[in-house]
Amino acid sequence: EKIPLDKFPANAKRFVEPTAPLPMKRMVADALVPMKPVIQICTLYQFAVDSDEDLAQRAESSLKRLPVPTIIEVVKKPMLPQVLHWVCMVLRSSREVVRTILTNSKTQIETLIAVAKFADEDVCELIARNQIRLVQSETLIETLFFNPNMRSSSVDRMLDFAARNNMHLGN
């Protein structure tokens, strides 16, 4: 789902508009145009979900090259959930980035569920301790339950929490 063009500041909008010249779009997708990190990550996302495969691959490669501390600073802030999801999926091998996104209140439940499928023990714990998120989704609890990296003590605690909150699992 693309970001509406009116969300971009004027100086960045000209790069992501459908009418922008392809060479300029490529420069932005290659992260060669200086811009604030949050704007840069949003423009990269915009190209990543573009129908142009070349632009999408360039944008993903550029995201992977950005310094992790810079990305963490950006994903700590309230951001569009689809951008957080994209960054989380592209950089799922970066523990710090994933952990930061999981604790952002704007992160969608779908992102937590996607991460819960492949999470290691520590990340499973991080998700399982977030009762506000657990109560929002039976699917999240079920996904954690089926993750072989989830500690049995955490599974017990999580299932107890679900029962106390009258959640219906396994339907």
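Biologist: What do the buried residues of α5 pack against?

Modeller: In this predicted model, they pack against α3 (37-48), α4 (53-65), α6 (81-90) and α7 (95-102), where contact means heavy atoms within 4.5 Å. Local features need pLDDT of at least 70, side-chain atom pairs count only at pLDDT 80 or more, and totals for chains, interfaces and linings use all residues. Residues are numbered from 1 along each chain as its sequence is written, and side-chain values use heavy atoms, leaving out hydrogens and water.

Biologist: Which residues of helix α5 are buried, and what puts them on the same side?

Modeller: Ile71, Ile72, Val74 and Val75 of α5 (residues 68-75) are buried, that is, under 20% relative accessible area with a 1.4 Å probe, protein chains only. They lie on the same side of α5 because their arc around the axis is only 160 degrees, taken from the directions from the helix axis to the C-beta atoms.

Biologist: Why is α8 called roughly parallel to α11?

Modeller: The axes of α8 (residues 109-118) and α11 (residues 138-146) cross at roughly 10 degrees and come within 8 Å. Angles under 35 degrees count as roughly parallel, so α8 is roughly parallel to α11. The residues of this contact comprise six nonpolar, two polar and one charged.

Biologist: What makes α7 roughly parallel to α9?

Modeller: Their axes also cross at roughly 10 degrees, coming within 10 Å; therefore α7 is roughly parallel to α9. Arg95, Arg99 and Leu102 in α7 meet Asp122, Val123, Leu126 and Ile127 in α9. By class, that contact has four nonpolar, no polar and three charged residues.

Methods
Axes are lines fitted to C-alpha atoms, for helices over the stretch in contact, and angles run from 0 to 180 degrees between N-to-C directions. Helices (H or I, at least four residues) and strands (E, at least two) are DSSP runs, numbered from the N terminus. Angles under 35 degrees count as roughly parallel, over 145 as roughly antiparallel, 65 to 115 as roughly perpendicular and the rest as oblique. Ala, Val, Leu, Ile, Met, Phe, Trp, Tyr, Cys and Pro count as nonpolar, Asp, Glu, Lys and Arg as charged, and the others, Gly among them, as polar. Buried means under 20% relative accessible area, exposed over 50%, partly exposed in between (1.4 Å probe, protein chains only).
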